[in-house]
Structure formats: C-alpha cells, structure tokens
Amino acid sequence: MKTKESWAQRTSKPRKAIWKVLIPGILLMLVISGYWALPAVRQAQAGSKGQFQAGGQAPAAEAVTPAQGRSQAQAEALPRVEKITLTAAGDILMHNTQIWSGYQADGTYAFDFFEPVKDLIGEGDYSSTDLEAVLGGPEGGYTGYPLFNSPDAVADTLKNAGFDLVFTANNHILDRGAKGALRTLQVLQGRGLDTTGSFKSQDKPLLIKEIRGVKVGYLAYTYATNGIPLPQNKPYLVNLLEKDKVLMDIKTMRPQVDILILALHWGVEYRPEPTEEQKAMAQEFLQAGADVILGSHPHVIEPMEIIKDRNKNKFVIYSLGNLIGDQHGIERNSGVILNLQFEKDFNKGTTDLCSVSYTPTYSHSYIDRGKQKFRVVAVEDAIAQVRAGEEPYLKAKDLPVLEQVLKQTRGTLGKEGDPKILSPNP
Ligand SMILES: [Zn+2]
C-alpha cells in the first residue's frame, strides 16, 4: 500500500469555509435530533470504524459536553468521500529461460522484468498479481515447466516493482509439495508482500486491507493443483475453487469489508473466452456479495464486463492474461494492468465502482549483450518509443506485432466509451 490515512484522521481535516455555512444549520439539527449522532461519531473517532459503517449501531453513550458534541457533529455532517484505486495484473510465469536470464556472475539471481511498467504497477493504492511458481529453495534446483521452482529473487522483483499482494492459489502451488508451498509464503511475506489463497495454518486469516478508511477484502482460489493432492493433514494449505466454500467465505467476509474481491484461477488454457460454467459462477458469486472477480490461468486475455446487481456495478475480468512468461504467440504474451477505482461515501456507508481502465502489456523476450532477457512493456508506450527512435530493444520491424497485441487486446476488452468500461469521473 502506498499511503495510509485513517478515517478518524480524515474527520478532523479542517474545511473552515464550509463550516461557516454549515454551523448554524447543524446546531439547529442537533437541538431537534437530541444529539442522536454523537455516539456513532465518538466510536468512529475511537477507531471502531468497521462497526459504525456496517450497522450504525450506537454503543452506550458516554458523557459528552455540548462543546465536544458540536465539533464532532459538525465534522460528521460534512460530505466525506474517498476514492481508492486497486491495480491488478495477470499471471507471472517463470520458465527456465527466464530463470537463466537472471543468473549473475556471483551465482545469485536478479530480475528486472518490470522496470518499464513499474509506474503502472505502483500507480494505484494497492496492487496484486498471481505468481504461478513456487519459491521452494535451491535444493533440487530451479526449474521451469512443468514443475516450477524459482529463485527467491523473484519475490524481491515483485516487491520492487510495486506489487503489494501475491495470490498463491494456482495449479502450480504444489509443484514442490507442501514444503515448497509453505516456503513460498514465508519468502513472499518475508519481503513484506501480502499473500492469500494458500495458508500455513488452519486459521486461514482473512486478507483485509484498510486504505484511507476503505476496507478491501481479497479471497483467492484455484480450480486444481495439477493432480498433486493436498496433504491429508493440511487441507487448509490451498484454497480450492469449490462453489459452496467460496459462497461461505463471501458470506463471512462481506460484513467486514466495503469491497470484496475474488481472485479465481480458473478457465480453459488458451481459450479466448470463458466457459458457460464460469459465466454462471461469476453471476452467482457477484450476487452473493463479491464486487469484483479477477480471473487468471488461461494464459490469454478473456473478456471483462460490468454486471449490474441491484443497481450496483459489479465487475468481472475472466482472464488478465500473462503479465510475463516465455510462451510463444501474440495472445500468450499479451496482458493487462487493470485499474479499478472505487468511491466510498462515508455518510451513506456505500462504496461504488466508479472507473475501470487498463493498460495493454506485452511480455517481451530480447537479447542484451548476447544474453536472452525478459521484460514487460506497455504496448502503446513501446509503439511511441519505437516511432521516436527511443526504444532500445524494439525496432520498426517489431511494430506489426505490437500493433496486433494492441488491436487484439482492445478487441477483447473494449476501449473507452464501450459500455463494459467505466470512464473515470471528471
Ligand atoms: Zn495456471
């Protein structure tokens, strides 16, 4: 998370010009209402924000002097809204060629995959991705497909790129057994990254982040673990995408958050659209209380859409595509960095999705001083830089590929003005 400001702090921000107009009206309201709002305001300022938002339940009133009461109620009467932006990127694959690309002369590893898109990854308030590999340690060697085991330096790369959260529920999380899955959590968390989707203990803590008073909860699941069974004594290790379980988790998390996000590792590989089963599941999860579904796993981009649910805009992207990997073909090297902006109205206690936008990306393999390297570029930026003669590794001959990536991504996801894209508020 980039910035943190508590809601209680926001209530005390001075906005004197507005107060001058509002004070007489508020005083009158207080007389009429008999200070009904005070207990809730006091509770919010004491830090019990969740309860106040969720139910507006007033705790037993404590003694409040009229002077204290007036200033608190004045703050309460001011319109208070907060906008936050959540960023999401697709799958991070770690093929053996990528592992070799980070090998250093001293035997360590270092990767700089995300340098060209660092600003985009870090632009929002909180940024997530899916790591489709384990960090199982050097024993047994680092390996790519089909059993992925990557150097710990990948965790540093993710952290340095600006990611805050790594989903670990995917079909490769058991590639090095339970030990590898547990070590992955330890390494990611050790670098200060949040994780969800796999867990080290039965209590499976819910991932809820508070961003300037807006509570965001993330749940992550995978359709399977490539035939490697979950250890019998650790059924909690990986969240499997079982409908009833997901519905139960939504029910548990919903009252605790303003925004509920599901990261689902699902779908059919290389298929450019979701299955009917996925569409039905998305509907059901959104109606059950989820606000957003972030899909991953197919290695290609699949459509996104706004789904109306009781006048609320809900959102699903069936697949974000690959952010990086060494797969071949235009579709498998296409991804997006997605921005979802929400607005919370603290007075009404409502939070709405107000903008959806994305940046098309391209996973680019190139040769630098005789060595194969990998990086992610923002497609439009790369095209502009090639045209300006400022792109070090892409040339005019690469333009048709970049233009095709852009065309296909826009074709699948839409462009601004499309009904499935919400334009940012002015
Ligand atoms: Zn997968």
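This is a predicted model: local features need pLDDT of at least 70, side-chain atom pairs count only at pLDDT 80 or more; totals for chains, interfaces and linings use all residues.
Colleague: Why are the buried residues of H13 on the same side of the helix?

Modeller: The buried residues in H13 are Leu 402, Val 405, Thr 409, Thr 412 and Leu 413. They are placed on the same side of H13 because the arc they cover around the axis is only 100°. On the other side of H13, the exposed residues are Pro 400, Glu 403 and Gly 411.

Colleague: What covers the buried residues of H13?

Modeller: The buried residues in question are Leu 402, Val 405, Thr 409, Thr 412 and Leu 413. Their cover includes strand S9 (301–309), S12, S13 and H12.

Colleague: Is Val 379 buried or exposed, and which residues is it in contact with beyond four places in sequence?

Modeller: Val 379 belongs to helix H12, which spans residues 379–387, and its C-alpha is separated by 9.7 Å from that of Val 336, 43 residues apart along the chain. Since 24 other C-beta atoms lie within 10 Å, where 20 or more are required, Val 379 is buried. Leaving aside neighbours within four places in sequence, the contacts of Val 379 are Pro 360, Thr 361, Tyr 362, Leu 402, Val 405 and Leu 406.

Colleague: How many bridges join S12 to S13, and in which sense do the two strands run?

Modeller: S12 and S13 form a hairpin with four residues between them, and Gly 349 in the turn has a positive phi of about 75°. One of the bridges pairs Asp 345 with Thr 350 in S13. The two strands run antiparallel, and the number of bridges joining them is twelve.

Colleague: What is the bridge partner of Leu 86 in S12?

Modeller: Strand S1, residues 81–92, pairs with strand S12, residues 334–345, in the antiparallel sense over nine bridges. Within S12, the residue bridged to Leu 86 is Leu 340.

Colleague: Which members of the largest nonpolar core touch the most other members?

Modeller: In soluble globular proteins, nonpolar side chains tend to be buried together. In this chain, buried residues make up 42% of the 426 residues. Val 216 touches, among others beyond four places in sequence, Leu 86, Tyr 126, Ile 208 and Ile 261. Of the 94 residues in the largest nonpolar core, those that touch the most other members are Val 216, Ile 261, Phe 285 and Ile 293.

Colleague: Is Tyr 270, whose phi is positive, buried or exposed?

Modeller: Tyr 270 has a phi of about 65° although it is not a glycine, and it lies in the loop between strand S7 (259–265) and helix H11 (276–287). Asn 226 also is not a glycine and has a positive phi, of about 55°, and its place is in the loop between strand S6 (214–222) and helix H10 (243–253). Asn 226 has 13 other C-beta atoms within 10 Å and is partly exposed. Because its C-beta neighbours inside 10 Å number 12, Tyr 270 counts as exposed.

Colleague: Which residues of H9 are buried?

Modeller: Helix H9, residues 177–190, has 14 residues and reaches 20 Å from its first C-alpha to its last, close to the 20 Å expected at 1.5 Å a residue. Just after H9, Gly 192 takes a positive phi of about 85°. The cover over the buried residues of H9 includes helix H8 (153–161), strand S3 (165–167) and strand S4 (194–196). The buried residues themselves are Gly 180, Ala 181, Thr 184, Leu 185, Val 187 and Leu 188.

Notes: Residues are numbered from 1 along each chain as its sequence is written. A nonpolar core is a set of buried Ala, Val, Leu, Ile, Met, Phe, Trp, Tyr and Cys residues joined through C-beta atoms within 7 Å. Two residues are in contact if their C-beta atoms, placed from the backbone, lie within 7 Å. Two strands pair if DSSP finds at least two bridges between them. The expected span of a helix is 1.5 Å times one less than its number of residues. The arc is that of the directions from the helix axis to the C-beta atoms.
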